[in-house]
Amino acid sequence: MSTTDKAPAEAPHESDPTDEAAGAQLSTAPVEDGPAAPVGIGVIGWARWFWRQLTSMRVALILLFLLSLGSIPGSLIPQTQVDAMKVADWKKTHEFWVPAAEKLQLFDVYSSVWFSAIYILLFVSLIGCIVPRTWQFVGQLTGRPPGAPRRLDRLPAYATWRTQKSPDEVLASAKGLLGGRRFRTEAGGNSVAAEKGYLREAGNLIFHIALIVMLVAFAAGQLFKSEGGKLVLRGKGFSNTLTQYDDFKYGSLFSSDDLEPFSFTLDKFDATYEKTGPQKGTARDFKAYVTYSEGAEGAPHKAEIEVNKPLEIDGSKIFLLGHGYAPVISVTDPTGKVIYKDAVPMLPFDANLSSSGAVKVPDGYRNKNGDKEQLGFNAMFVPTFAGEGKGTMLSQFPALDFPVLALSAYHGSLGVDSGLPQNVYQLNTSKLQEFKDADGQLFKKRLLPGESMELPGGEGTVRFEGVERWATFSVTRQPASGLALAGAMAAIGGLAASLFIQRRRVWVRAVRGEDGVTVVEMAGLGRSESAKLPEELSALSAALFERAPSAPAAAPPADAESAGSASSVDEAHEGERA
């Protein structure tokens, strides 16, 4: 038996139709028109030309590349649907580029006309490319392997030997052997054709179909998504209605009716920090303990929410984003009546939770003369104060080891009655007057929990009652996230199949020679050149050789020894030709 995996150089020969059929349909790639094929004239001709260009793989890759390029400004320039405040700040600092950016819709990239056009063209291109390939692949699955070429020795992998087994026995053994190796076999005439590796093209189609699924999921997620943030004090609750959110972002097709009815209460919040070493103050664990109810009258359930471990309720995920402190402050008027008592959330501005905020008393206060006024206090809170004379009002550690609250007092109008929105964490002092101390300076004081400060002139009292905790949550709803994940996994699986599975064909021919000995030929052809095909053919031929071994060499006559030797040499080298 002799084998080879490389065809020798031969003189040019006429093409054989059976050779062309043997290598045809190893791929579902659409057949391109020849250079001489006319496109046609008129509207129909141009439409056919445009459709062929749009559904070509080359154009699909170009559109995919353009889609990636189009996403760059969406990540570099603030987007209106994500953060309108950042867009306003960007416009102030880049006034020269604002007219061009607005004309190009760079503040709404993902809903812009040009981005949508690329997206839709890519979608159409993929569908137009996949549909004909799918039908072609279905036809290949229902078809049978083509017959053996006339010259098997021209194929890349080839083996031949002579055996005393009859051609029918050899072909029966070959069909059983190839069928046992999961080849699809077809016997015809003096040969057996076998084919394997259909999953390569199936993987290719799955990959492209998965791309369409991911595009649909991305579009649905952008159109129907919603995301809102909410700060919740310990002991307080939240209901999933639009008015309950501190901030809310949504897709263009979102409706408030899409919000799932649920609610939760923050029962407790725990946080631990590294107390010693170079990582002192580093957060080790955040955990929010909540009680939630599904639906308007659902039974309460206990749950824990940690960073990167959200609570999922009816398709909405509740993420824990941050936490901080809320000093509890009470205010009394000149008559001693308590007109305000509440926990006031403070916003941290460093890693040790040094926080700032504002206390606003819009109603219920009358000064000593009986006139209605509003009170406002700029506040600074530190959970661990360094001590008097030991630096500025900054926290030394995030835990509540030595909490101190610093207040500065104002009276007059807070501006909340103007109808214009205000930042609840900042105090607008444009219509406020300062309370003055004995030196004529702004009245301010540091307080420990349980301490009070008397406003100048007996205008009232402010008391630091204690400290509460708060946590911020993000409630997100991404309708097609599961579909996108399934598409991504299918794309990876399909790509792996198309890269690592080889489509190949094997033919076995057995004919009886003039001397009555059967000549066996085996050859293989793959879609692309690979070292695995000759190895596989070698293994198959070895297995078939065991079932149909070589015929014993006949003893040559003494007077024909020289001629027989020459004939043997020629026979041994016959199989070396590919």
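Analyst: Contacts between residues 24 or more positions apart make up 67% of the contacts in the chain with a separation of 6 or more. Please keep in mind that this is a predicted model.

User: Noted. How many helices and strands does the chain have?
Analyst: The secondary structure comprises eleven helices and 23 strands.

User: And what percentage of the residues is buried?
Analyst: Of the 578 residues in the chain, 40% are buried.

User: On to charges, then. How many salt bridges does a search of the whole structure find?
Analyst: The search finds 17 salt bridges. One of the pairs is D515 with R162, whose side chains meet at 2.3 Å, N to O. This pair links distant parts of the chain, 353 residues apart: D515 belongs to the loop between strand 22 (504–512) and strand 23 (518–526), and R162 to strand 2 (residues 157–163).

User: Is R162 buried or partly exposed?
Analyst: R162 is partly exposed, because its relative accessible area is 24%, and the cut-off for buried is under 20%.

User: What about R477, which residue does it meet in a salt bridge?
Analyst: R477 meets E260, with 3.1 Å from N to O.

User: Which residue forms a salt bridge with K268?
Analyst: The partner of K268 is D270, and their closest N and O atoms are 3.8 Å apart. K268 counts as partly exposed at 39% relative accessibility, and D270 counts as partly exposed at 27%. The charged end of K268 also sits over the ring of Y289, 4.7 Å from its centre.

User: Over which ring does the charged end of R184 sit?
Analyst: The charged end of R184 sits over the ring of Y198, at 4.5 Å from the ring centre.

User: Which residues are linked in a network of salt bridges?
Analyst: E195, R503 and R505 are linked in such a network.

User: What does M453 touch, leaving out residues up to four places away in sequence?
Analyst: M453 touches F377, L407, A409, F443, K445, L447, G460, T461 and V462.

User: Aromatics next. How many aromatic pairs does the structure hold?
Analyst: The structure holds 20 aromatic pairs. One of them is F385 with F402, a tilted pair at 6.0 Å centre to centre and 55° between the planes. F385 and F402 are 17 residues apart, and each lies in the loop between strand 16 and strand 17.

User: Are F385 and F402 buried or partly exposed?
Analyst: F385 is buried, with a relative accessible area of 8%, whereas F402 counts as partly exposed at 34% relative accessibility.

User: And which residues do ring pairs link into a cluster?
Analyst: The cluster contains F238, Y245, F248, Y250, F254, F264 and F473.

User: Two serines to finish. Where does S541 lie, and what does its side chain reach?
Analyst: S541 lies in helix 10 (residues 532–547), and its side chain reaches the backbone oxygen of S538 at 2.8 Å. S541 counts as buried because its relative accessibility is 0%.

User: And S293, which strand is it in and what does it touch?
Analyst: S293 lies in strand 9 (residues 283–294). Not counting residues up to four places away in sequence, S293 touches F262, S263, G298, A299 and P300. At 15% relative accessibility, S293 counts as buried.

Note on methods. Residues are numbered from 1 along each chain as its sequence is written. This is a predicted model: local features need pLDDT of at least 70, side-chain atom pairs count only at pLDDT 80 or more; totals for chains, interfaces and linings use all residues. Side-chain values use heavy atoms; hydrogens and water are left out. Helices (H or I, at least four residues) and strands (E, at least two) are DSSP runs, numbered from the N terminus. Buried means under 20% relative accessible area, exposed over 50%, partly exposed in between (1.4 Å probe, protein chains only). A polar contact is a pair of N or O atoms within 3.5 Å; within protein, one must be able to donate a hydrogen and the other to accept it, and residues adjacent in sequence count only if both atoms are side-chain atoms. A salt bridge is a side-chain nitrogen of Lys or Arg within 4 Å of a carboxyl oxygen of Asp or Glu. Contact means heavy atoms within 4.5 Å. Rings of Phe, Tyr and Trp (its six-membered ring) pair if their centres lie within 6.5 Å; planes under 30 degrees apart count as stacked, over 60 as edge-to-face and the rest as tilted. A charge sits over a ring if NZ of Lys or CZ of Arg is within 6 Å of the ring centre and within 35 degrees of the ring normal.
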